[in-house]
Amino acid sequence: MSRAFYIGRFQPYHNGHQKVLRQIAKSVDEIVIGVGSAQMSHEIENPFTGGERVLMITTALDGLGCPFYVIPIEDIRRNALWVSHVRSLVPPFDILYSSNPLVIRLFREAGIPVNSPAMYERATHSGTEIRRRMLAGELWEELVPPAVAKVICEIDGVERLCQIACDD
Ligand code: ATP
Ligand code: MG
């Protein structure tokens, strides 16, 4: 029985994340997905709530064929203690999948095996680029799973982002 852990902020969840998780699903029995900075929302870098991001991921991965858990994880702002914090909140796991250098470093130092998936079309498939496109009124829907575009539409996500980016 092997259980993988994958963590991100998912602001928003996009096709790069989806591609990696589909790959992981082929090589493990279960996946734990941590939604980092779960307490953050309504900011230009973090427009969506933890719950909205849980909804994006859960609906996008419907039918994955591998059991998965989506767990919100609040920040503690102490990197040296962060892996312990994460492990206190999620089901036990055997391996971390991440391409984020700090995340890799912290888990390696804690003695947890790490696998680094290749990046998928990173120039376009990044949360930063998707939020930029939303603010610029450019097309972004093609970069996220259809279920995620639906959630963002239902919560008026683009309007929220544009409004909080305005000056008063
Ligand atoms: P942001 O630009 O807001 O940081 P992001 O696209 O990097 O967003 P994160 O939520 O920060 O998304 O990343 C979660 C995990 O997904 C990290 O391990 C990150 O390296 C990985 N990841 C991000 N984009 C891709 C991609 N295009 N292909 C594969 N993995 C990706
Ligand atoms: Mg990132």
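Biologist: How do the residues of the lining of the largest pocket divide into nonpolar, polar and charged?

Modeller: In this predicted model, the lining has 16 nonpolar, 15 polar and 6 charged residues. Ala, Val, Leu, Ile, Met, Phe, Trp, Tyr, Cys and Pro count as nonpolar, Asp, Glu, Lys and Arg as charged, and the others, Gly among them, as polar. A pocket is an open set of points on a 1 Å grid over the protein atoms alone, where a 1.4 Å probe fits, with protein on both sides within 12 Å along at least five of seven lines; lining residues have an atom within 4 Å of a point.

Biologist: Which residues lie nearest the centre of the largest pocket?

Modeller: Out of 37 lining residues, look for Ile7, Gly8, Arg9, Asn100 and Val103.

Biologist: And which elements give two or more residues to that lining?

Modeller: Elements are DSSP runs numbered from the N terminus: helices (H or I, at least four residues) and strands (E, at least two). Here you'll find S1, H1, helix H3 (79-87), helix H4 (101-109) and H5. H4 has the largest share, with 4 residues.

Biologist: Where does ligand 1 sit?

Modeller: In the largest pocket, meaning that more than half of its atoms lie within 2 Å of the grid points. Strand S1 (3-8), helix H1 (15-27) and helix H5 (127-136) each give two or more residues to the shell around ligand 1.

Biologist: Which residues of that shell come nearest to ligand 1?

Modeller: His14, Tyr120, Arg122, Gly127 and Thr128, from 21 residues around it (a heavy atom within 4 Å). That shell holds 7 nonpolar, 11 polar and 3 charged residues.

Biologist: Which side chain has an N or O atom 2.7 Å from a nitrogen atom of ligand 1?

Modeller: That's Arg122. A pair of N or O atoms within 3.5 Å is a polar contact. His17 brings a polar side-chain atom to 3.0 Å from a ligand 1 oxygen, while Ser99 uses a polar backbone atom, 3.2 Å from an oxygen of ligand 1.

Biologist: Where is Phe10 placed?

Modeller: Phe10 is in the loop between S1 and H1. Its phi is near 55°, a positive value in a residue other than glycine. Pro12 is in the loop between S1 and H1 too, and a cis peptide bond, with omega about 0°, joins Gln11 to Pro12.

Biologist: How are residues numbered?

Modeller: Residues count from 1 along each chain as its sequence is written, with chains lettered from A and ligands numbered from 1 in written order. Local features need pLDDT of at least 70, side-chain atom pairs count only at pLDDT 80 or more, totals for chains, interfaces and linings use all residues, and side-chain values use heavy atoms, leaving out hydrogens and water.

Conventions. Polar contact = N/O pair within 3.5 Å; in protein donor to acceptor, adjacent residues only side chain to side chain.
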